Amino acid sequence: MSILEILLLGIGLSMDAFAVSICKGLSTKKLQIKHYLIIGAWFGGFQALMPLLGYLLGKQFESLTTNVDHWSAFALLLLIGINMIRESRKKTEEMNASFRPSVMLPLAVATSIDALAIGVTFAFLQVNIVYAVGFIGVTTFLLSA
């Protein structure tokens, strides 16, 4: 993959983290530099970690998954879509301005699930994973912070 392709992929992957970062910032009365760094570190870190985990899983199970990889990706995206629809039907919303790990961890995991699937794809495309993961993580950090 070229640098442009990885940049565009990093921007695409970071859009959900970017949106959550905006909402988190709007829920905070007074933002400080540490808030920017916390948000960027959580989202950038998980956007880098998840493709790496996906890559390692893809490499480990490459021979087993080549026949069903498209179905597993479909099932994963279907579950995410169903959960998004279910969450959109909730009537009440609560604002949580906390930056504690118990609040940030679920947000970071939720916004980086798609990056896990990308990591599995990287395993099949023979992408330089260190380069790609670093680029995706830095891109997400900058856009989220």
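Reply: Helices α1 and α5 pack at an angle of about 150°, with their axes 9 Å apart, where axes are lines fitted to C-alpha atoms, for helices over the stretch in contact, and angles run from 0 to 180 degrees between N-to-C directions. The two helices, α1 and α5, are therefore roughly antiparallel to each other, a label given to angles over 145 degrees. On the α1 side the contact (heavy atoms within 4.5 Å) is made by Leu13, Asp16, Ala17, Val20 and Lys24, and on the α5 side by Val103, Met104, Leu107 and Thr111.

This is a predicted model, in which local features need pLDDT of at least 70 and side-chain atom pairs count only at pLDDT 80 or more, while totals for chains, interfaces and linings use all residues. Residues are numbered from 1 along each chain as its sequence is written, and side-chain values use heavy atoms, with hydrogens and water left out.

Helix α1 itself covers residues 3-26, which is 24 residues, and it reaches 33 Å from its first C-alpha to its last, close to the 34 Å expected at 1.5 Å a residue; here a helix is a DSSP run of H or I with at least four residues, numbered from the N terminus, and the expected span is 1.5 Å times one less than the number of residues. Along the way, α1 has a kink of about 40°, centred on methionine 15, the bend at a residue being the angle between axes fitted to the seven residues ending there and the seven starting there.

Part of α1 is covered by the rest of the protein: Ile6, Leu9, Gly10, Leu13, Ser14, Ala17, Ser21 and Lys24 are buried, which means under 20% relative accessible area with a 1.4 Å probe, protein chains only, while over 50% is exposed and anything in between is partly exposed. Their cover includes α2 (33-60), α5 (101-111), α6 (113-125) and α7 (129-144).

One of these covering helices, α6, packs against α1 at an angle of about 155°, and the axes of the pair lie 10 Å apart. That angle makes α1 roughly antiparallel to α6. Leu9, Leu13 and Asp16 of α1 meet Asp114, Ala115, Ile118 and Phe122 of α6.

From α2 comes glutamine 47, which is buried, with a relative accessible area of 0%. Leaving aside neighbours within four places in sequence, glutamine 47 is in contact with several residues, among them Leu13, Ser14, Asp16 and Ala17, and also Thr111, Asp114 and Ile136. The C-alpha atoms of glutamine 47 and threonine 139 are separated by 9.2 Å, although the two are 92 residues apart along the chain.

Stepping back, the protein has seven helices and zero strands. Of its 145 residues, 30% count as buried, and residues 24 or more positions apart account for 91% of the contacts with a separation of 6 or more.

Conventions. Angles under 35 degrees count as roughly parallel, over 145 as roughly antiparallel, 65 to 115 as roughly perpendicular and the rest as oblique.
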